[in-house]
Amino acid sequence: QIYQQRMVLAANTFQPSTIWLSRTGDFYSFSPTELLEQDSPSAIVDGMATEIITDSNGLTFTLDSDTLDAIKWLGESKKLAMGTSAGVYMLYGSETNLVVTPFRFTINRETSFSATDTAPIVISNALIYPQIGGKNLQMLSLDKGVGGQWDASKISLKGYDIIKSSEITKMIWQERPNGIIWCLMADGRLLSLSFDLRLEFMAWSEHVIGGTDTKVLDIEMIPRSSHDQLWLKVSRTIDSGTEYYMETLGRFPSEGALDRNDYIFSDSAITKTIAGTFTASTSSGKILFTSTKHGLIDTQKVRFTSSGTPVDLPANLEINTDYYVRDKADDTFKVATTSGGTAIAFSDAGTGTHSWSTDTVFGLDHLEADEVQIYNDGMQHINKIVASNGSVTLNHFEGSRIVSGLPYLAELDTLEPPA
């Protein structure tokens, strides 16, 4: 932990109650003294170098009390918090000057609610940590109305029914777009606490991740310019084997960051384009379709249409007819009337705006043999089983954007209305 420009280390095997603070601005030196200036007449006395203590020198403290206070974690705010097996201690300079020096330091135990090895989170002037056993969350907050005293309160009471079967092993604070404390449980479940200290608002939820035998193994937060992105390491059974994935939490619809057709209401989901426009030209006498970043693959089935009245597709193409992609590149492709067949010859480019669409969605290899739910342009399609080649076939060629992933069950319990 870094505190007041000092590197702070705590608790080794032989000194579980000791912390070491480096020199100010020098994370590699923990020396408690330094030599007097070399040219000073008092630098050497009787053949011995003179050492002095300055405000910036390193410090070492051992917690002394009537219990063995093994330090579990360090938390940095205005004061340095030390979670121990016998409560939480605060290290600081003084109440009027918080800067710690070898000549000014204070260590107080602020609460006797003991801590676990799970690191705390700091939100504004509040320190939140799991109490020993991992089934209760304690909040240590600064009560400005009582002489700057720290007030301890249990904030897990309303969520105890979903916490009690396991224990909290990791916590992450997501500040944007909504204030949420994410809690990883030892049994692989994921809980959240919607939290607003100023409004005194707290609401617990359990997030059941889609799939078979699914467990969340780790969580982490990566700040982005527009939001805080939650990352999950997930294991689940896929096609009789255990697979591991890194997944992120989708953006909330209320953020306005996604188009309606890209809203994600599935787990381990992918978003695919299944339609686009194209222009036709000739390549070695065959029709060359140009469609920027079309995302199609060889052998994929497509159909064509055009905006003209009557429809005027390039010669040798018909509407409501299945064709198969071949010779695909990033922005171009050709087609044949059979999978792997000869490319269709070019005769003319047709008129109007030409469009292609497909009823096959590829890219779901990670969910092979699982049932996935599908949203087609924001409308729910019937669920499909992922084929061995990682694809699903839709019931039609309509729509342009597909969001497909594992379904999950969402439940909402409302409060009883007042009498």
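The following legends describe close-up views of a predicted model.

**View 1. The largest nonpolar core, with 23 residues.** Ile 19 and Leu 91 touch the most other members of this core. At least two residues each come from strands E3 (18-21), E8 (59-62), E9 (71-76), E10 (80-84), E11 (87-92) and E14 (126-130). Strand E11 gives the most, with 5 residues.

**View 2. Surroundings of Ile 19.** Leaving aside residues up to four places away in sequence, Ile 19 touches Leu 9, Ala 10, Leu 59, Thr 60, Phe 61, Ile 71, Leu 74, Leu 80, Met 82 and Leu 91. A second, separate core holds 18 residues, including Ala 126, Ile 181, Leu 193 and Trp 204.

**View 3. The aromatic pair of Trp 73 and Tyr 129.** The whole structure contains 10 aromatic pairs. In this one the ring centres are 5.5 Å apart and the planes make an angle of 55 degrees, a tilted arrangement. Trp 73 belongs to strand E9 and Tyr 129 to strand E14, so that distant parts of the chain, 56 residues apart, are linked. Trp 73 and Tyr 129 are both buried.

**View 4. The aromatic pair of Phe 278 and Phe 304.** This pair is edge-to-face because the planes stand at 65 degrees, with 5.4 Å between the ring centres. Phe 278 lies in strand E25 (residues 275-283) and Phe 304 in strand E27 (residues 301-306), 26 residues apart. Both Phe 278 and Phe 304 are buried. Together with Phe 289, Tyr 323 and Phe 333, Phe 278 and Phe 304 form one aromatic cluster.

**View 5. Lys 79 over the face of Tyr 92.** The distance from Lys 79 to the ring centre of Tyr 92 is 3.9 Å.

Methods: Residues are numbered from 1 along each chain as its sequence is written. This is a predicted model: local features need pLDDT of at least 70, side-chain atom pairs count only at pLDDT 80 or more; totals for chains, interfaces and linings use all residues. Side-chain values use heavy atoms; hydrogens and water are left out. A nonpolar core is a set of buried Ala, Val, Leu, Ile, Met, Phe, Trp, Tyr and Cys residues joined through side-chain atoms within 4.5 Å. Buried means under 20% relative accessible area, exposed over 50%, partly exposed in between (1.4 Å probe, protein chains only). Helices (H or I, at least four residues) and strands (E, at least two) are DSSP runs, numbered from the N terminus. Contact means heavy atoms within 4.5 Å. Rings of Phe, Tyr and Trp (its six-membered ring) pair if their centres lie within 6.5 Å; planes under 30 degrees apart count as stacked, over 60 as edge-to-face and the rest as tilted. A charge sits over a ring if NZ of Lys or CZ of Arg is within 6 Å of the ring centre and within 35 degrees of the ring normal.
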